[in-house]
Amino acid sequence: MLSIENENRIKQWIEDHKEEFIADLSKIIAVPSVATFGVSEGEYPFGVESANVLAAAKELVESYGFPVKNLDNYCLVANVGEGEEKIGLFGHLDVVPCGNDWNYPPYQLTVDGDLLIGRGVLDDKGPLWASIFAVRCLKDLDLMPKREIEIFMGGQEECGMNDLLHYVEVTEKLPDVSFTPDGNYPICHGEKGGLRFYLAVPCKDEKVVDFSGGTVRNVVADKAVATLKGVCGKALSEKLASNKRISVESEGEFVKVTATGASVHASIPENGINAIGVLANALLDAEIFEGEAKAAMEFLSLVNSDYNGAALGVPAEDEPSGKLTHVGGVISLDRGILNLSIDIRYPVTENGDELLKKIIKTVEPYKVTVHDIADTKPAYSPADSDKVRTCMRVINSVFHKDHWKPYTMGGGTYAKHLPNACALGPEDPDYESPFGLFRGSIHQADESTPAKLLFDTMLVYAKLLVELDDIDINK
Ligand SMILES: [Zn+2]
């Protein structure tokens with residue numbers, strides 16, 4: 001336990017370094033560090049701006065006396081202190097684009113009373129810098145914990161996380177426990193697992209010229225189109241006239257049937273309407289297919305008849321993280337085979353391999369196969385584990401919010417790709433932006449945060465790093 005005397009020393013240190021923190025943060029905010037995805041520029045895997053912010057951060061963190069490694073312009077890693085075990089702190093320096101709607105200069109830190117405004121003040125430059133200052137504070141006050149601290153500063157969190165994947169690949173020993181100040185308070189103790197694959201559905205039929213839908217795999221398809229041949233457009237149009245989500249057009253010998261759904265993210269599919277399912281149902285209603293094409297439509301209809309895995313034989317659910325979700329995001333026709341992408345978010349206590357076995361067995365009778373499988377394991381620490389309880393105690397000692405409870409989510413922060421990791425802070429779920437509903441928060445115009453939230457986050461991380469000394473972090 002941290003003594004009251006030492007806690008007061010930490011608080012005084014933070015008080016004495018507020019100005020310096022704001023000055024340093026403003027240097028980082030001044031770099032418009034939007035990372036590229038899939039487009040490298042010379043030796044910069046995420047473009048020049050991402051590399052620039054890494055360079056600016058390296059200079060500052062080295063000025064604090066911490067040795068910093070630049071891992072091929074993917075990310076920075078600073079190691080402080082020593083010990084057999086290692087605690088990781090993971091934040092990112094890239095930002096989402098600012099758009100044209102700002103009332104304040106996006107890449108200049110504005111201080112307005114207690115309010116800080118600028119792209120990245122809350123996501124994630126501000127919180128990352130607060131956690132770095134927390135380590136500085138402990139070093140200055142000779143309060144370093146018994147474990148080594150590894151600070152990761154990423155250059156591409158917002159579009160791909162290849163910064164972290166590169167680090168995981170080249171790092172010999174990953175931290176034993178990690179925290180990322182890139183979520184909500186208090187602590188996210190579980191991120192669901194992610195299972196992604198394609199279903200190959202046989203659909204050889206002269207009438208089916210093309211069948212496509214959706215744009216990305218992690219969003220419910222909002223549009224699907226079937227191009228047909230050898231069917232009467234007028235008759236089809238009349239048959240489906242009452243279906244408001246369907247339109248039928250004739251183009252020469254072809255008939256195009258378009259379904260409109262409602263797109264939502266794959267972590268909350270129940271709020272959407274899948275256009276692929278709408279289209280399959282309409283074509284079944286019209287009774288134009290027989291044989292393989294009819295079976296294919298029946299299968300698509302079935303897969304999209306629920307969002308919680310029942311159709312795939314995996315209706316899983318658990319207490320900490322709720323129901324499994326699944327969506328068919330993208331579909332295309334290739335040489336008589338319909339390839340439908342499936343994005344599953346499965347509960348934290350489930351096992352991806354076991355789920356996959358059940359799915360393969362469920363689709364087998366339809367002559368459907370599974371290919372291109374990727375499984376991201378869930379991140380989970382039980383709410384009553386020593387680690388989560390210690391985090392909650394420290395957070396409560398700073399924020400005094402008794403109604404805050406550890407939460408889980410569909411994913412995903414950096415934590416999902418790291419062993420024994422949690423998102424902890426910095427967003428206050430009770431806070432309302434002074435600029436209204438769609439302005440002032442993360443990813444929005446005029447991104448802002450009270451400075452107090454960052455200083456409180458600094459205190460949380462400083463206290464936590466010390467208090468973790470008292471527990472076995474693997475329990
Ligand atoms: Zn973030």
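At what angle do the axes of helix H4 and H11 cross, and within what distance do they come? The axes of helix H4 (residues 125-140) and H11 cross at roughly 45° and come within 8 Å. The legends below begin with the whole chain and then return to this pair of helices. The model is predicted.

**Figure 1. Overview of the predicted model.** The protein contains 11 helices and 24 strands. Along the principal axes, its C-alpha atoms fill a box of roughly 80 × 45 × 45 Å. Of the 475 residues in the protein, 46% are buried.

**Figure 2. Close-up of the crossing of helices H4 and H11.** The two axes come within 8 Å at a crossing of roughly 45°. An angle of this value lies between the limits of 35 and 65 degrees, so it falls in the oblique class; H4 is therefore oblique to H11. The crossing of H4 and H11 is right-handed. On the side of H4, the contact is made by Gly126, Pro127, Ala130, Ser131, Phe133, Ala134, Cys137 and Leu138. H11 contributes Leu454, Thr457, Met458, Tyr461, Ala462, Leu465 and Val466. Sorted by class, the contact of H4 with H11 holds 12 nonpolar residues, three polar residues and no charged residues.

**Figure 3. Close-up of helices H2 and H4.** Helix H2 (residues 18-29) packs with H4 at an angle of about 135°, and their axes are 10 Å apart. H2 is thus oblique to H4. The crossing of H2 and H4 is right-handed. Phe21, Asp24, Leu25, Ile28 and Ile29 of H2 meet Lys125, Gly126, Trp129 and Phe133 of H4. The residues of this contact comprise six nonpolar, one polar and two charged. Gly126 and Phe133 of H4 take part in the contact with H2, and both are also listed in the contact with H11.

**Figure 4. Close-up of the open sheet E4-E5-E24.** Three strands form this open sheet in the order E4-E5-E24, with antiparallel pairing. Strand E4 (110-112) and strand E24 (448-450) stand at the edges; each has a single partner strand, so one side of each is left without a neighbour in the sheet. On average, neighbouring strands of the sheet are turned by 20° against each other, direction ignored. Strand E5 (residues 115-117) pairs with E24 in the antiparallel sense over three bridges. Within this pairing, leucine 116 has threonine 449 in E24 as its bridge partner. Helix H11 (residues 451-467) packs on the sheet and touches E5 and E24, and its direction makes about 65° with that of E24. H11 therefore meets two of the elements shown here: helix H4, at a crossing of roughly 45°, and this sheet.

**Figure 5. Close-up of strand E10 and its partners E18 and E19.** Strand E10 (residues 193-202) is mostly covered, with seven of its 10 residues buried. E10 pairs in the antiparallel sense with strand E18 (residues 337-346) over 10 bridges. In this pairing, proline 202 stands opposite isoleucine 337 in E18. Six bridges join E10 to strand E19 (residues 369-376), and these two strands also run antiparallel. Here leucine 199 stands opposite valine 370 in E19. Strands of a sheet pair through backbone hydrogen bonds, in either a parallel or an antiparallel manner.

Terms used. Residues numbered from 1 in each chain as written. Predicted model: local features only at pLDDT ≥ 70, side-chain atom pairs only at ≥ 80, totals over all residues. Pairing = 2+ DSSP bridges. Helix = DSSP H or I, 4+ residues; strand = E, 2+ residues; numbered from the N terminus. Axes fitted to C-alpha atoms, helices over the stretch in contact; angles between N-to-C directions. Contact = placed C-beta atoms within 7 Å. Buried ≥ 20, exposed ≤ 12 C-beta atoms within 10 Å, placed from the backbone. Parallel < 35°, antiparallel > 145°, perpendicular 65-115°, else oblique. Left-handed = near helix turned anticlockwise from the far one by under 90°. Nonpolar A, V, L, I, M, F, W, Y, C, P; charged D, E, K, R; others polar.
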